[in-house]
Amino acid sequence: MAERNRMLMRRKERREKDAAEMTKDVKEEKCEGEKTVDNGEAPAAEEEITNGAEVNEIEPMELPPFELIAGDRIDPFAFKFQFKNVEYSSGRNKTYLCYLVDDNKPDGLLRGYLEDEHAGSHAEEAFFMQCIPNYDPALKYTVTWYVSSSPCSACAAKLAEVLKARKNIKMSIFAARLFEWEEAEIQAGLRALHAAGCKLRMMKTLDFAYIWDTFVENEEQPLNLWEDCKENYEYYSDKLADILQ
């Protein structure tokens, strides 16, 4: 009983610390954004794409018009805030999706990232139109995602449909956090996605370092991981294992 009380106390202290750090991160990100505006500069690797036209139907998913940020390199402040694997995730209302696609073509891997607003279309939905619009059923695709949070129930269900219909796509999703994992419909969506053949795993410390080196405009600076990163990974990993069993 004493050990359980100590664990609960540590969990409470960590939530309070996460909340304080979140406020600090938001202030830092806001200050950095103000500097960018003042200097009249914008990240060269990011491009805002607006599609106001009717989106062609791609079976088995029907995609609405979407507005996304797409690019090659993520702002380092955005990465440190959005990918932080804290349990207290209020204020992190975006999904960042870093992707690698190997279609066995000689031109090599397709790499990039998508950033969405939860109020609009989700990056998971838009990926198949934005990143592999010329899907070829004769090719074999290996798709790897590194996402700031796991898919919502609707996205998980749609992804499961895609994987069932397109057997030539092998997908792996590595998530920094679990999105609303206590909700029954979220758990059902993750199980359906897993049953459809998708590999689901929480991001380890090496995964965060890989994203930093591969997808972030890091100016060759090393990544200093936040405190409790490994402990938070273990916490989320246990939750995911319970959901998928």
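## Ground rules

The model is predicted, so a pLDDT of at least 70 is needed for local features and 80 or more for side-chain atom pairs, while totals for chains, interfaces and linings use all residues. Numbering starts from 1 along each chain as its sequence is written, and side-chain values rest on heavy atoms, with hydrogens and water left out.

## The chain as a whole

The chain holds seven helices and seven strands; these are DSSP runs numbered from the N terminus, with helices being H or I of at least four residues and strands E of at least two. Along the sequence they follow the order α-β-β-α-β-β-α-β-α-β-α-β-α-α.

Of the 245 residues, 43% are buried (under 20% relative accessible area with a 1.4 Å probe, protein chains only; exposed is over 50%, and partly exposed lies in between). Taking contacts with a separation of 6 or more, 75% link residues 24 or more positions apart, where contact means heavy atoms within 4.5 Å.

## Strand β6 and its neighbours

Let's start with β6 (residues 169–177): eight of its nine residues are buried, so the strand is largely enclosed by the rest of the structure. Strands count as paired when DSSP finds at least two bridges between them. Strand β5 (residues 141–149) runs parallel to β6 over eight bridges, with Val147 opposite Ala175 of β6. Strand β7 (residues 199–202) is also parallel to β6, joined by four bridges, and Phe174 has Arg201 in β7 as its bridge partner.

The chain crosses from β6 to β7 through helix α5 (residues 184–195) in a right-handed β-α-β crossover. A right-handed β-α-β unit is also made by β5, helix α4 (residues 153–165) and β6. Right-handed here means that, with the strands pointing away from the viewer, the path from the first strand over the helix to the second runs clockwise.

## Helix α7

Helix α7 (residues 229–244) has 16 residues and spans 22 Å from first to last C-alpha, close to the expected 22 Å, which is 1.5 Å times one less than the number of residues.

Its buried residues include Tyr233, Tyr236, Leu240 and Ile243. Viewed down the axis of α7, the buried residues fall within an arc of 165°, so they line one face; the arc is taken from the directions from the helix axis to the C-beta atoms. Lys230 and Asp238 are exposed on the other side of α7.

## Cysteines

How many disulfides are there? The count is zero, taking a disulfide as a pair of cysteine sulfur atoms within 2.5 Å. Cys98 is buried at a relative accessible area of 0%, and Cys229 is buried at 3%.
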